[in-house]
Amino acid sequence: MQKSKGGRPPKYRNKEEIEELIEKYFKECEGGLFVDDDDKPVVTEKGGIIYIVPPKPPTVTIIHMRY
């Protein structure tokens, strides 16, 4: 009988997969600008930038562990 290593199998196959997902997350946090025909951001009369998808701040999950 083979001894179990314990724990669940890894969620990711390699570090490149994790890095790709991290880059994708931060790119999504930037939001999507609304641009004109010259590829310049469209702004309001007061100078505010218009977004198709508004930016959001990146978050960090804090896990409280009991020892």
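How many helices and strands does the protein chain have? Switch to cartoon view and you'll find one helix and two strands (helices, H or I, need at least four residues and strands, E, at least two; both are DSSP runs numbered from the N terminus). Follow the sequence and the pattern reads α-β-β. The chain is more spread out than a compact globule, because its radius of gyration is 21 Å, well over the 11 Å that the globule rule gives for 67 residues (radius taken over C-alpha atoms; the rule is 2.2 Å times the number of residues to the power 0.38).

Before you click further: this is a predicted model, where local features need pLDDT of at least 70 and side-chain atom pairs count only at pLDDT 80 or more, while totals for chains, interfaces and linings use all residues. Residues are numbered from 1 along each chain as its sequence is written, and side-chain values use heavy atoms, with hydrogens and water left out.

**Whole chain**

Zoom out and show C-alpha atoms: they fill a box of roughly 70 × 30 × 15 Å along the principal axes. Of the 67 residues, 3% count as buried (buried is under 20% relative accessible area, exposed over 50%, partly exposed in between, with a 1.4 Å probe and protein chains only).

**Stop one: Arg13 and Glu17**

Now select Arg13 and Glu17 and show their side chains. They meet in a salt bridge, 3.8 Å from N to O (that is, a side-chain nitrogen of Lys or Arg within 4 Å of a carboxyl oxygen of Asp or Glu). Arg13 is exposed, at 76% relative accessibility, whereas Glu17 is partly exposed at 23%. Side chains of opposite charge can pair like this when their charged atoms come close.

**Stop two: Lys27 and Glu30**

Lys27 counts as exposed at 55% relative accessibility, and Glu30 as partly exposed at 48%.

**Stop three: around Glu30**

Where does Glu30 lie? Look in the loop between helix H1 (15–29) and strand E1 (32–33). Leaving aside residues up to four places away in sequence, Glu30 touches Tyr51 and Pro55 (contact means heavy atoms within 4.5 Å).
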